[in-house]
Amino acid sequence: MPADIPPGRPGNLTAEQEAKLRELWAALAKLMGVLDNEGGDNEADNDDGPADESGSTKDAKDGKKKKSRLHVFKRKHHDKDGKNSAGSSDVDSAASSTGGVDVSSLSLGDDDKHGQNKAFKAALADLSPAELRQAVWSMVKHDNPDGLLLRFLRARKWDVNAALIMLISTMHWRATEMHVDDDIMCVGELGAIEQARSADANTKKEGDDFLAQLRMGKSFLHGVDKEGRPMCFVRVRLHRQGEQSEPSLERFTVYTIETARMMLRPPVDTATIVFDMTGFSLANMDYTPVKFMIKCFEANYPESLGAVLVHKAPWVFQGIWSIIRGWLDPVVAGKVHFTKNTEELSSFVPLSQIPTELGGTEAWSYNYVEPAANENAALADSATRTAIEAERAALVEKYEAATLAWIQQAEAAPAPALKKERADLADALRENYWRLDPYVRARSLYDRTGVLGHKGKLEFYPKKVETSQDDLD
């Protein structure tokens, strides 16, 4: 495993990069209602508690759900009954600023092939500050919060405004379009089995289609490459256009990416995709899911791809690749490598870690282990979940407070103690997430086979699965 921290990550930032990170945190804090226009802490003013895992905030005194008040600009949003909040106005007519920039004027310009300008405005119109705050912290999971923001900054070449648009549009995509955390990851594989038993034809089909892709092993996570990056293998020959619905293909794609995120540990923060083109024919080609996958990695999971290995592509794929390459960002296209045989593949993956079906020496083959009937019992334990969420909410408040202090020290070198406090709180948030994980995320194949172990322990090549009561705690 690599020991060095790559550039542009927590613990390895230049002074200029750290300044950019501060700027992005300041802008985001304003949008989340944590920081007002004058640069002060807005928590005391709005008296809202931190968002829980369901996305709500509660008043500490009466327990009533409230919306955080945002002082950056006035915008139109709706309460649950659909009524407009008093005194609100559309985002497009906003006159106030975020980080010294007129929010309504922010734009990616011509560099917006995934429609993020529109998604950014939709997020500001649709999500309350509390909902936006919840979406951000929900995506953080076990990551270092700085690490998450730095992904967007690196993807946008340290342009803070562009990174903000990209980040906010991603939160809108996760919360209102894909429902990543409140549907895909908490329903999971066992939930798909329940859907497949539904009397509703549409629900049944979506469940069946999702499970079909898992059971055939159309794509799966297994092992690591020479850089220690988790690998996702995609067996292209198993895809046939029209066999699964487009929503189920997208759901399966996001589910796989999010599960792969569970396997990232610093300093490794990217994954490798191996497209196994063995037996590929034109009948396997389907541009729609390819476009969705590209959008995911370029717009919603930036800086997550380490390498893309296209293995044993036949000559007929050359024309297809010329089309796909035109859709890719040049940086992403530069990560694509073609391997004609096992020897070339072994320059990226040790021969002993290449499965025998790809010509390697690892005696391993994909086998889907069906979910156990009670494996998601923790999801129903609301008392334990609420207690851990309360601990997390307190940690989030402390991290935000330390971050505001760090932002306010922008003109001077931040005290080492403050940097250490933020780093320690990031560690505490990570530990807290892994205790919370069984209560908010349905168990996956990789939990059942021991790849993802108790409290996030990783074993990429488990010899056997050992379970205990602790695994359920």
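The chain folds into 16 helices and nine strands, taken as DSSP runs numbered from the N terminus (helices H or I, at least four residues; strands E, at least two). This is a predicted model: local features need pLDDT of at least 70, side-chain atom pairs count only at pLDDT 80 or more, and totals for chains, interfaces and linings use all residues. Residues are numbered from 1 along each chain as its sequence is written, and side-chain values use heavy atoms, leaving out hydrogens and water.

**Overall**
- Of 473 residues, 52% are buried (under 20% relative accessible area; exposed is over 50%, partly exposed in between; 1.4 Å probe, protein chains only).
- Among contacts (heavy atoms within 4.5 Å) between residues at least 6 apart in sequence, 72% join residues at least 24 apart.

**Helix H9**
- H9 covers residues 246-261 and spans 23 Å from first to last C-alpha, close to the expected 22 Å (1.5 Å times one less than its number of residues).
- Of its 16 residues, 14 are buried.

**Aromatic pairs**
- The whole structure holds 14 aromatic pairs (Phe, Tyr or six-membered Trp ring centres within 6.5 Å; planes under 30 degrees apart are stacked, over 60 edge-to-face, the rest tilted).
- Phe-220 and Trp-364 are tilted, at 5.6 Å and 50 degrees.
- Phe-220 sits in strand E5 and Trp-364 in the loop between H13 and H14, so their pair ties together parts 144 residues apart in sequence.
- Phe-220 is buried at 3%; Trp-364 is partly exposed at 26%.
- Phe-220 also stacks with Tyr-366, at 4.9 Å and 25 degrees.
- Ring pairs link Phe-220, Phe-233, Trp-364 and Tyr-366 into a cluster.

**Charges over rings**
- Lys-291 lies over the face of Trp-327, 4.8 Å from the ring centre (NZ of Lys or CZ of Arg within 6 Å of the centre and within 35 degrees of the ring normal).
- Arg-422 lies over the face of Trp-406, at 4.1 Å from the ring centre.
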